Amino acid sequence: MELDSLYQEVILEHYKRPLNKALSANPLVQVHHINTSCGDEITLNLDMDGEVIKSITWDGVGCSISQASTSVVSDLLSGKTSSEAMALIEEFQVMLQSKGSDLGNEDNLGDGVAFAGVAKFPARVKCALLGWMASKDAISQAVAKINGLSSEEKR
Ligand code: ZN
């Protein structure tokens, strides 16, 4: 597959030197997601500080796109509120399902726009989405947990 060479470099850089690739101890939420079509696998830990994402750490194996994309999302979402994070995940997903017509907004998605070209390769879309879907799952679980705790406090 042919991606813009600058974007290829961004992906390769994240693959070689992944960010936050070291699982935190005692996370609020841990999820494990696999992409059977390619054999990609990640475990992702999420910690929140109230409404704000304190850290996303992860470990995994798989193709460069899946691993680089997880590195990008783990960095991008740290410090965001859960609702900001969900909106960014949605934006990334829309870009990847656009078949290449949506090039992404770098102000919002940062290095995530490097994966815009992947949208033209349907077989690889799941690779690029893996870390983002795992993050979405982890954030939903964290929000449910936090809401559960606060409703218990009210009792
Ligand atoms: Zn893959």
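**Note on the predicted model: zinc site, core and helix packing**

1. Leaving aside neighbours within four places in sequence, Q93 is in contact with L129, M133 and K136, where contact means heavy atoms within 4.5 Å. Q93 belongs to helix α3; helices (H or I, at least four residues) and strands (E, at least two) are DSSP runs, numbered from the N terminus. With 15% relative accessibility, Q93 counts as buried. Buried means under 20% relative accessible area, exposed over 50%, and partly exposed in between, with a 1.4 Å probe and protein chains only.

2. Residues are numbered from 1 along each chain as its sequence is written, and side-chain values use heavy atoms, with hydrogens and water left out.

3. Which protein atoms are the donors of the zinc ion? They are C38 (SG), D40 (OD), D40 (OD), C63 (SG) and C127 (SG), at 2.2 to 2.7 Å from the ion. Donors are N, O and S atoms within 2.8 Å of the metal (3.2 Å for Na, K and Ca); water is not among the atoms, so sites may look incomplete. Along the chain, the zinc donors follow the spacing C-x1-D-x22-C-x63-C. D40 lies in strand β2 (residues 40–49) and C127 in helix α5 (residues 122–154), so this pair ties together parts that are 87 residues apart in sequence. Both D40 and C127 are buried.

4. The largest nonpolar core has 40 residues, and L46, L77 and F115 have the most contacts inside it. Such a core is a set of buried Ala, Val, Leu, Ile, Met, Phe, Trp, Tyr and Cys residues joined through side-chain atoms within 4.5 Å. At least two residues of this core come from each of β1 (29–35), β2, β3 (52–61), α2 (64–77), α3 (82–96) and α5. Helix α5 gives the most, with 10 residues. Not counting residues up to four places away in sequence, F115 touches I11, I65, A68, S69, V72, F92, M95, L96 and A128.

5. How do helices α1 and α2 cross? The axes of α1 (residues 5–16) and α2 come within 8 Å and cross at roughly 80°. That makes α1 roughly perpendicular to α2. Axes are lines fitted to C-alpha atoms, for helices over the stretch in contact, and angles run from 0 to 180 degrees between N-to-C directions. Angles under 35 degrees count as roughly parallel, over 145 as roughly antiparallel, 65 to 115 as roughly perpendicular and the rest as oblique. In this packing, I11, H14 and Y15 of α1 meet S64, Q67, A68, S71 and V72 of α2.

6. Most residues other than glycine have a negative phi. N26, however, has a positive phi of about 45° although it is not a glycine. N26 sits in the loop between α1 and β1 and is exposed at 73% relative accessibility. K99, in the loop between α3 and α4, also has a positive phi, near 60°. At 68% relative accessibility, K99 counts as exposed.

7. D107 lies in helix α4 (residues 106–109) and is exposed, with a relative accessible area of 74%. The C-alpha atoms of D107 and E41 are separated by 29 Å.

Note on methods
This is a predicted model: local features need pLDDT of at least 70, side-chain atom pairs count only at pLDDT 80 or more; totals for chains, interfaces and linings use all residues.
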